[in-house]
Amino acid sequence: MCKIKCLFLLMLIVLCSSCKESTEDEKAMQQMVERLFPEYASQFSFEQSEKIDKDWYEIEAQGGTVRIRGNNANSMAVGLNYYLNHYCLTSVSWYVNDTVEMPEVLPMPPAKIISTARCKNRFFLNYCTFGYTMPWWTWKDWERLIDWMALNGINMPLAITGQESVWYRVWTKLGLTDEEIRNYFTGPAHLPWHRMSNLDYWQGPLPKEWLDTQEALQKQIVARERQFNMRPILPAFAGHVPSELKRIYPEAKISRMSSWGGFEDKYRSHFLDPLDPLFATIQKEFLEEQTKLFGTDHIYGADPFNEVAPPSWEPEFLANCSKHIYQSMTHVDPDATWLQMTWLFYIDRHLWTNERVEAFLKAVPQNKLLLLDYYCENTEVWKQTDRYFGQPYLWCYLGNFGGNTMLAGNTKEVGKRIENVYTNGGENFSGLGSTLEGFDVNPFMYEYVFSKAWDCNLPDSVWIEQLADRRIGLRNQQMRRAWKLLYDSIYTAPAALGQGTLMNARPCLKGNGNWTTTPTVAYSNETLFEVWEMLLKAGEHRHSTYEYDVVNIGRQVLGNYFGKLRDEFAETYSRKQLPLLKQKGAEMKQLLRDVNTLLSTQSSFLLGKWIEDARSLGIDEASKNYYEENARTIVSTWGDKDQSLNDYANRTWGGLVSGYYAPRWEMFIDEVIRSVSNKQPFNADAFHQRVTQFEIDWVKSHERYPSEPVGNAVEIATLLMNKYKDSILKEKHNENN
């Protein structure tokens with residue numbers, strides 16, 4: 001009888017435990033696996049537990065399922081990602097079009113894995129990302145990104161979508177007209193620079209439907225981010241106002257900001273002195289309206305002087321500015337924390353002296369100002385400012401400018417610097433982050449940085465091997481050797497402002513035409529070719545990430561080689577050798593066609609998708625054309641004709657090569673050949689005028705480009721690898737001989 005009672009009691013316990021209602025965090029995780037790999041969802045279980053006062057997770061096998069426990073959904077997501085990476089040999093991409101490729105049978109962890117977070121705060125995104133990558137995103141794109149952020153432990157995402165809808169309400173309440181407000185805003189892809197007080201009116205008026213759809217989208221974004229225990233960083237008022245406000249408030253202390261980016265004066269922004277009584281009024285109206293729409297987590301981004309000069313450089317003025325900006329927040333939200341990027345202390349270091357930085361930072365109460373050390377893989381501002389004079393800061397990896405498609409990232413050095421800041425960064429070191437300007441071609445670098453936030457972090461040698469495994473979907477020694485060579489010899493330098501292969505540059509006989517397309521690389525292209533060859537000889541492949549890699553590496557190899565061809569073309573021109581000049585010109589044109597064919601196999605390398613995503617937001621032909629022109633502008637001329645940011649957001653994309661870069665080079669090659677044929681010097685000034693007109697016309701054109709991948713990536717990459725092998729390695733063979 002006792003045995004029967006015990007058995008009954010055991011069954012009752014099991015039944016009760018299985019009937020336990022799931023917490024909201026457990027539900028969030030179950031919904032995530034149902035989104036990412038629904039056929040396996042029943043083989044995962046999630047359990048929330050407040051075992052310790054830190055973010056933590058543990059993974060173990062339990063009765064044929066994978067059980068993941070943690071203190072919240074964010075931590076459990078990191079545990080799930082660890083399991084996917086290290087046991088399933090797979091990755092979840094930040095792009096919704098990339099499928100998650102799972103093994104046929106889920107492997108069971110042989111032993112329990114336990115990990116604890118090394119830092120509390122993990123930040124992600126940059127104002128610029130909302131222009132260079134995400135202006136045309138819909139909810140399906142954001143849903144995948146938020147899953148990716150949770151899987152990588154991010155709990156402080158920048159959340160600035162939809163703020164123009166809030167500002168529209170505020171400026172209307174203050175007396176501006178609909179026309180004044182929507183003209184004040186820029187086109188969608190340029191809104192980040194409007195939000196950072198750099199630029200007004202460019203490609204306005206912003207359509208009303210944009211305001212409405214972005215408001216609805218932001219509500220979805222912040223709701224989902226909060227489900228994964230993230231604290232969305234919403235904006236606050238930093239002083240940027242429409243010039244038309246002077247009409248209503250003639251006594252307000254509104255000053256014109258310095259010019260920016262080579263734009264005409266009519267696009268310059270205006271700044272309201274934080275000591276003016278109107279400042280607190282606007283802050284109150286904005287924060288209350290924003291909270292009504294999107295809620296709040298009491299942390300606000302505000303950047304008053306990013307790449308523009310303040311009205312005064314006196315330390316007392318700077319201190320009063322920051323003091324009153326913060327006080328205007330706390331009058332509305334007493335729990336407010338101000339988050340600020342410190343890019344300005346890097347890019348304008350000669351102006352932001354330590355005296356000025358200290359005055360600006362210490363005017364805000366201790367621990368109420370959280371700083372992003374923005375570009376630490378290059379320059380660690382915390383080291384130059386006595387650890388930001390005690391205010392808390394996050395060590396951030398930037399990694400990409402303008403969405404440029406260049407292999408970049410100093411992996412070893414990043415790892416060393418992160419370990420150093422943990423050891424020597426002071427008690428006010430508050431976490432890690434990434435401040436990428438655009439999603440780029442080196443996604444593993446961001447996964448690498450965020451893996452350093454957890455104590456299960458592996459030695460780099462092991463991490464890179466396991467990265468190679470999951471890129472192809474199996475343990476493959478050839479793949480591991482290729483990635484080790486990438487780690488040792490290619491990923492050795494940080495991303496830099498204005499990078500691009502020469503094919504993306506304005507054509508010229510020497511140099512690269514503009515600072516925005518610097519083609520310099522810190523490695524041998526012959527070494528990168530060896531990596532490409534290794535990848536293509538890796539044999540059996542399972543994952544689409546492998547196909548992406550062979551295209552990505554090939555794109556860079558061939559892009560680097562184009563520079564060598566141009567130099568040969570220029571040398572032939574100097575000798576006036578017409579037959580050889582024609583031959584070299586033909587080789588350059590063919591290489592551009594081949595690169596475009598290779599790129600066209602990948603969804604994330606398609607101009608057509610970028611344009612179609614933009615057009616899809618329009619409600620009629622006029623608005624579709626408006627969005628398309630804005631989308632074309634940002635990746636080409638950036639602004640107006642001959643503007644200094646021309647090609648800053650250059651990308652080696654299918655369609656952009658064939659439709660924009662190749663025609664520029666073809667015009668150039670033909671004119672150089674014609675000049676030699678006519679026994680006349682090449683007229684660079686006349687060509688400059690013609691190519692500028694071509695760029696203006698292209699921005700306003702409506703030529704269609706493929707928006708879906710075409711061709712087999714591995715077959716095309718193999719064909720091109722064999723085609724160009726002798727030419728690329730010729731110099732190395734000559735050295736060996």
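At 30% relative accessibility, Glu307 comes out as partly exposed, the label for anything between buried (under 20% relative accessible area) and exposed (over 50%), with a 1.4 Å probe and protein chains only. Glu307 sits in the loop between β11 and α12 (315–330), and its phi is positive, about 60°, although the residue is not a glycine. The model is a predicted one, in which local features need pLDDT of at least 70 and side-chain atom pairs count only at pLDDT 80 or more, while totals for chains, interfaces and linings use all residues. Residues are numbered from 1 along each chain as its sequence is written, and side-chain values use heavy atoms, with hydrogens and water left out.

His298 is another non-glycine residue with a positive phi, in this case near 70°. Its place is the loop between α11 (277–294) and β11 (299–301); here helices are DSSP runs of H or I with at least four residues, strands are runs of E with at least two, and the numbering starts at the N terminus. With a relative accessible area of 31%, His298 is partly exposed. For context, most residues other than glycine have a negative phi, and most peptide bonds are trans.

On the peptide-bond side, the link from Gly204 to Pro205 is cis, with omega near 0°. Pro205 belongs to the loop between α8 (191–195) and α9. Both Gly204 and Pro205 are touched by Arg182, as are Tyr168, Leu206, Pro207, Lys208 and Leu211, not counting residues up to four places away in sequence; contact here means heavy atoms within 4.5 Å. Arg182 itself lies in helix α7 (residues 178–184) and is buried, with a relative accessible area of 19%.

Next come the helix pairs. Helix α5 (residues 139–151) packs against helix α9 (residues 208–227) at about 20°, with the axes 10 Å apart. Axes are lines fitted to C-alpha atoms, for helices over the stretch in contact, and angles run from 0 to 180 degrees between N-to-C directions. The two helices are therefore roughly parallel, given that angles under 35 degrees count as roughly parallel, over 145 as roughly antiparallel, 65 to 115 as roughly perpendicular and the rest as oblique. On the α5 side the contact is made by Trp139, Trp142, Glu143, Ile146 and Met149, and on the α9 side by Leu217, Gln220, Ile221, Arg224 and Glu225. That set splits into six nonpolar, one polar and three charged residues, where Ala, Val, Leu, Ile, Met, Phe, Trp, Tyr, Cys and Pro count as nonpolar, Asp, Glu, Lys and Arg as charged, and the others, Gly among them, as polar.

Helices α21 (residues 525–536) and α22 pack at about 155°, with their axes 9 Å apart, which makes α21 roughly antiparallel to α22. Their contact divides into twelve nonpolar, four polar and one charged residue. Among the residues that meet are Phe529 and Trp532 of α21 and Ile553 and Tyr561 of α22.

Trp532 turns up again in the largest nonpolar core, which has 251 residues; Phe124, Trp142, Trp171, Ile282, Trp532 and Trp638 touch the most other members. Such a core is a set of buried Ala, Val, Leu, Ile, Met, Phe, Trp, Tyr and Cys residues joined through side-chain atoms within 4.5 Å. Helix α22 (residues 544–575) gives the most to this core, with twelve residues. Leaving aside neighbours within four places in sequence, the contacts of Phe124 include Trp94, Trp148, Met149, Pro157, Phe439 and Phe450.
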